[in-house]
Amino acid sequence: MAEEQLNLLEIAKFDSYQPENVCYLIKSNGNYDTCFPGKSDDYHYVMPKGDYAYKNVLIQEEQELYNQIESFKNDSFIKNALSTDNSVILCYENIFSSLAYNQATVFTLEVKL
């Protein structure tokens, strides 16, 4: 995720911009898109309605997040959910849970079942 950069000055021009809610859509091929939730009709991706499996992970260093994502993807239950071509893992900072930690950040990983 470190390779990609966001131009926050450009993004801030959108009415729905929420800088505290940056999300990552991790695709089955390993690529990902950086995005943020919005209420505008101008969007690139809509998360489908339905039931989701999720995992909250406590992260102190970036590499730990990559390891947790791999662990999440390799769970047999999650592998089955990720078997469709258009499936993605949604990854985002769980801001309210992170407030409880000084030296770590809580991230949530989600996948549609």
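Is Cys23 buried or exposed, and what is its relative accessible area? Cys23 is buried, with a relative accessible area of 9%; here buried means under 20%, exposed over 50% and partly exposed in between, with a 1.4 Å probe and protein chains only.

Before I continue, a word on the basis. This is a predicted model, in which local features need pLDDT of at least 70 and side-chain atom pairs count only at pLDDT 80 or more, while totals for chains, interfaces and linings use all residues. Residues are numbered from 1 along each chain as its sequence is written, and side-chain values use heavy atoms, with hydrogens and water left out.

Let me turn to the sheet. Five strands form an open sheet in the order β2-β1-β4-β5-β3, with antiparallel pairing. Strands (E, at least two residues) and helices (H or I, at least four) are DSSP runs numbered from the N terminus, and two strands pair if DSSP finds at least two bridges between them. The edges are held by β2 (32–35) and β3 (52–59); each has a single partner strand, so one side of each is left without a neighbour in the sheet. From one strand to the next, the twist averages 20°.

Helix α2 (residues 62–74) packs on this sheet and touches β1, β3, β4 and β5 (105–112), contact meaning heavy atoms within 4.5 Å. The direction of α2 makes about 155° with that of β3; axes are lines fitted to C-alpha atoms, for helices over the stretch in contact, and angles run from 0 to 180 degrees between N-to-C directions.

Next, strand β1. Of its 5 residues, 4 are buried, so β1 is largely enclosed by the rest of the structure. Strand β1 (residues 23–27) is joined by 5 bridges to β4 (residues 88–93), and the two run antiparallel. Within β4, Tyr92 is the bridge partner of Cys23, and Val88 is that of Lys27. On the β2 side, 4 bridges join the antiparallel pair β1 and β2. There, Cys23 has Cys35 as its bridge partner, and Leu25 stands opposite Asp33. The hairpin of β1 and β2 has 4 residues between the strands, and in it Gly30 takes a positive phi near 95°.

What, then, of the cysteines? With a disulfide taken as a pair of cysteine sulfur atoms within 2.5 Å, the count comes to 0. Cys23 is in no disulfide, and the nearest cysteine sulfur, that of Cys35, is 5.1 Å away. For Cys91, the closest cysteine sulfur is in Cys23 at 8.4 Å, too far for a bond. Cys91 is itself buried, with a relative accessible area of 0%.

Finally, Ser98. This residue lies in helix α4 (residues 95–98) and is buried, at 8% relative accessible area. Leaving aside residues up to four places away in sequence, Ser98 touches Glu93, Ala104, Thr105 and Val106. The side chain of Ser98 reaches the backbone nitrogen of Val106 at 2.8 Å.

Technical notes: A polar contact is a pair of N or O atoms within 3.5 Å; within protein, one must be able to donate a hydrogen and the other to accept it, and residues adjacent in sequence count only if both atoms are side-chain atoms.
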